[in-house]
Amino acid sequence: MWGDLSIMNEISRGEFIAFEGIDGSGKSTQIRNLLNRLNDYGIRCYETKEPTDSPIGSLIHQIMTGRISADNRVIASLFVADRVDHLLNKTDGICQKIDNGITVITDRYYFSSYAYHSVDMEMDWVIQANSISADILRPTVTVFLDVPVKKALERIERERFHVELFEKEERLRKVRDKYFEAFEKLKSEENIVIVDSSGSIEEVFENIWNSISQFLIL
Ligand code: ADP
Ligand code: TYD
């Protein structure tokens, strides 16, 4: 009898879904859609992103906006620290949410580090530096929203200031290639789905849903 009660009281763990893609690939748009769909299924969800809003995340933002300068290795290491804090912090850490049965959806996780930082440094170093996060929590599934670089930039351009477009285009092309290199490298350890994100918002979402529902208990 006691055994039965303990089973009834046990909370099943939440899932952990990571969205990845180059800037402007549609991650935040589709995360919103996924949250709504999961809520329709009565699944409790929490949305989060990296870099975080923590003190470490705000240091990263200051470096990315050029207010502070730092070596590439320092930047990559700050992302490592931000990620571990994202997982473990006592206020709203991901691990705690998942243990409480909440499904967590994050806009970027360690594949962002593998892709963005390995443009300037060895990918294996970046993977090794992030192994602490991989050991703590691997995503149930990583969803990569794939869109041609030009299209992603057109989408961003519509709402942001004109950036040095050529430089950005070159860099994002390399980042996209690095994502694929990382997926190939880690395909035996990770659940990765690649979704074409160049269609309409509704089409892309239905493709995401069809690809990930196999990983979820609905
Ligand atoms: P990310 O979070 O990956 O940077 P966003 O979701 O913010 O991308 O999308 C970037 C811009 O593109 C936003 O203005 C958004 O409304 C628009 N957008 C997103 N998905 C699509 C789509 N499938 N078709 C057209 N525009 C889109
Ligand atoms: P941000 O403006 O917060 O989000 P987004 O552009 O996705 O809307 O910028 C995040 C930037 O940080 C993005 O260009 C990718 C980069 N980044 C890294 O370089 N390494 C990482 O580990 C992560 C998580 C992000």
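**View 1. Ser-25, Lys-27 and Ile-201 touch ligand 1 through their backbones.** In this predicted model, a backbone N or O atom of Ser-25 sits 3.3 Å from an oxygen atom of ligand 1. For Ile-201, a backbone N or O atom lies 3.4 Å from a nitrogen atom of ligand 1. On its own, ligand 1 would expose 560 Å², and the protein buries 79% of that. (A polar contact here is a pair of N or O atoms within 3.5 Å; within protein, one must be able to donate a hydrogen and the other to accept it, and residues adjacent in sequence count only if both atoms are side-chain atoms. Accessible areas come from the Shrake-Rupley method with a 1.4 Å probe, and for residues only the protein chains shown count as cover.)

Two notes for reading every view: residues are numbered from 1 along each chain as its sequence is written, while chains are lettered from A and ligands numbered from 1 in the order in which they are written. As this is a predicted model, local features need pLDDT of at least 70, side-chain atom pairs count only at pLDDT 80 or more, and totals for chains, interfaces and linings use all residues, with side-chain values using heavy atoms and leaving out hydrogens and water.

**View 2. Here is the shell around ligand 1.** Among the residues surrounding ligand 1 are Asp-23, Gly-24, Arg-155, Glu-159 and Gly-199 (a residue is near a molecule or strand if one of its heavy atoms lies within 4 Å of it). Helix H2, residues 27-40, gives the most to this shell, with three residues (helices, H or I, of at least four residues and strands, E, of at least two are DSSP runs, numbered from the N terminus). By class, the shell has one nonpolar, seven polar and four charged residues (Ala, Val, Leu, Ile, Met, Phe, Trp, Tyr, Cys and Pro count as nonpolar, Asp, Glu, Lys and Arg as charged, and the others, Gly among them, as polar).

**View 3. Side chains reach ligand 2.** Polar side-chain atoms do the touching here: one from Ser-113 lies 2.6 Å from an oxygen atom of ligand 2, one from Arg-108 lies 3.2 Å from an oxygen atom, and one from Lys-27 lies 3.3 Å from an oxygen atom. Taken alone, ligand 2 exposes 550 Å², of which the protein buries 81%. Of the 14 residues around ligand 2, those coming nearest are Asp-23, Lys-49, Arg-83, Ser-113 and His-117. H6 (110-117) brings the largest share of the shell, four residues. The shell splits into four nonpolar, four polar and six charged residues.

View 4. Pro-51 is in the loop between strand E2 (45-49) and H3.

**View 5. H2 packs against helix H11 (residues 201-212).** Their angle is about 60°, with the axes 10 Å apart (axes are lines fitted to C-alpha atoms, for helices over the stretch in contact, and angles run from 0 to 180 degrees between N-to-C directions). H2 and H11 are therefore oblique to each other (under 35 degrees is roughly parallel, over 145 roughly antiparallel, 65 to 115 roughly perpendicular and the rest oblique).
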